[in-house]
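Let's go through this model together, asking at each step what a label rests on. Here it is.

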Amino acid sequence: MPAMCRDCLATFDGGARCPACRSPRVVAHPELFDLSIAHMDCDAFYASVEKRDDPSLRDKPVIVGGGSRGVVTTACYIARIKGVRSAMPMFKALKLCPEATIVKPRFEVYSQVSRQIRAMMADLTPSVEPLSLDEAFLDLTGTARLHGAPPAVMLARLVRRMQAELGIGGSIGLSHNKFLAKIASDLEKPRGFSVIGRAETMAFLAPRPVSLIWGVGAVGRGALERAGIRTFADLRRWEERDLHARFGGMGSRLWHLARGEDLRRVTANAPVKGMSNETTFDEDTADPDILDGHVWRLSEKVAGRLKAKARAGRVVTLKLKRADHRILTRRHALDEPTQIADRIYREARALFDPVAGEGPFRLLGVGLSEIGPAAEADGYGDLLDPQAAARARAERATDAIRARWGRDAIVKGRALR
């Protein structure tokens, strides 16, 4: 069976240890040297950067995030063993892991390291599709002749280089499409290298939960469970027309994903950029209705700029400045890019709710980053939430009416707050 050593990069036929260096870090798979679509995901990226820059933290549980009333941005694997997870309220995380060291996020530093990793990826292939600062798809089809080695070897070399030059570890998922590559990268974290081949796709997916599908959150799981669908095997029992009848346009996508089919190409995104709007209040306020109205208006402005430029973004950011001038920033990455004001607003509002009690505030801002072309935006929306699709259609219709009759032709009630 084709095999590769992840330490010395030797290739050989099977075996539990590398015949060249005797390392047990061996990857073996029948299709190892035939697959070329990959997903690379850094391991606890923010926490890894903090441990790299402060060696005294190396063997300690580290949580990157806000104060006692904030949320966890990320946690190292030592803290995760205690149950700490991203987006968890900080007070709950500290109950689970009271000995943790709390570090405030340094997004400028994380962005710089991300650019360095992105440059390493570009040395392998021009087909790099970033999903966030710490993960990306790569298509290495046709690069074996250029590099003198199959994609699997070059991917192992990439994560080895990241560790050696940047002190950052990563996990690789290798498969025949994006959907499966992303699933694979999460199978053996940290420092994983997992392969899902064509021949095993159906058997691999069958017993696994459909929550592995991007965008299936609580709403999606509930809708699927009401239909008796919990695993991919359950999903395969449905005819495509029946899934379409029950779940609309997403039904067809579900039918194909149930069989491990994903025709989306790896496409290089534009450089990471952002669009945002903010407002400074004449008087500090903690009034929830007033603040909610501003969240909506700012979301609408950001969406309008995105639509005008045919762009979309994936990371929603909420910025708040307290009366004491302390700035609170919260971010959330969506499963797909968006340019819909309704979706930006709902994500920004969800970020605001946990910190609403920290007012009064003198400034509020809403932004969207990781901007790219709008071609793949809002394709699936809030998966299996029919109201999300209906709201998006209503917003598009509102845009058309305003384009003809003026901005004030239609005004949402919450905009009047």
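Q: How do you know that Cys97 is buried?
A: This is a predicted model, and in it Cys97 has a relative accessible area of 0%. Buried means under 20%, so Cys97 counts as buried.

Q: How many disulfides does the rule give?
A: The count comes to 0. As a reminder, a disulfide is a covalent bond between the sulfur atoms of two cysteines.

Q: Is Cys42 buried or exposed?
A: The relative accessible area of Cys42 is 2%. The limit for buried is under 20%, so Cys42 is buried.

Q: What is the overall make-up of the protein chain?
A: The protein chain has 15 helices and 16 strands. Of its 417 residues, 49% count as buried. Among contacts with a separation of 6 or more, 64% are between residues 24 or more positions apart.

Q: What makes Glu50 a buried residue?
A: Glu50 has a relative accessible area of 5%; buried means under 20%, so the label applies to Glu50. Glu50 sits in helix 1, which covers residues 45-53.

Q: Which residues is Glu50 in contact with, leaving aside neighbours within four places in sequence?
A: They are Leu57, Val64, Val103, Lys104, Arg106 and Tyr110. Contact here means heavy atoms within 4.5 Å.

Q: What sets the phi of Ala44 apart?
A: Phi of Ala44 is near 45°, a positive value in a residue other than glycine. Ala44 lies in the loop between strand 4 (37-42) and helix 1. With a relative accessible area of 5%, Ala44 is also buried.

Q: What is the phi of Glu370, and where does this residue lie?
A: Glu370 is not a glycine, yet its phi is positive, at about 55°. The loop between strand 15 and strand 16 (372-373) holds Glu370.

Q: Why is Glu370 called buried?
A: Its relative accessible area is 15%. Buried means under 20%, so Glu370 falls in that class.

Q: Why is Ala356 called partly exposed?
A: Ala356 has a relative accessible area of 27%. Buried means under 20% and exposed over 50%, with partly exposed in between, so Ala356 is partly exposed.

Q: Where is Ala356, and how far is it from Ala286?
A: Ala356 is in the loop between helix 14 (341-352) and strand 15 (361-369). Ala356 and Ala286 are 70 residues apart in sequence, and their C-alpha atoms are 7.6 Å apart in space.

Q: Which peptide bonds are described as cis, and where are their prolines?
A: One joins Lys189 and Pro190, with omega about 0°; Pro190 is in the loop between helix 7 (178-185) and strand 11 (193-195). Another runs from Gly359 to Pro360, with omega near 10°; Pro360 is in the loop between helix 14 and strand 15.

Q: Why are helix 4 and helix 6 called oblique?
A: Helix 4 (residues 107-122) and helix 6 (residues 151-166) pack at about 140°, with axes 10 Å apart. Roughly perpendicular ends at 115 degrees and roughly antiparallel is over 145, so helix 4 and helix 6 are oblique to each other. Helix 4 passes helix 6 in a right-handed crossing.

Q: What residues meet between helix 4 and helix 6?
A: From helix 4 come Val113, Gln116, Ile117, Met120 and Met121, and from helix 6 Leu158, Arg161, Met162, Glu165 and Leu166. By class, this contact has 7 nonpolar, 1 polar and 2 charged residues.

Q: What makes helix 13 and helix 14 an oblique pair?
A: The axes of helix 13 (residues 288-308) and helix 14 come within 8 Å and cross at roughly 140°. Roughly antiparallel would need an angle over 145 degrees and roughly perpendicular one of 65 to 115, so helix 13 and helix 14 are oblique. Their crossing is right-handed, and the residues of the contact divide into 11 nonpolar, 1 polar and 4 charged.

Note on methods
Residues numbered from 1 in each chain as written. Predicted model: local features only at pLDDT ≥ 70, side-chain atom pairs only at ≥ 80, totals over all residues. Heavy atoms only, no water. Helix = DSSP H or I, 4+ residues; strand = E, 2+ residues; numbered from the N terminus. Buried < 20%, exposed > 50% of the residue type's maximum accessible area, 1.4 Å probe, protein only. Disulfide = S-S within 2.5 Å. Axes fitted to C-alpha atoms, helices over the stretch in contact; angles between N-to-C directions. Parallel < 35°, antiparallel > 145°, perpendicular 65-115°, else oblique. Left-handed = near helix turned anticlockwise from the far one by under 90°. Nonpolar A, V, L, I, M, F, W, Y, C, P; charged D, E, K, R; others polar.
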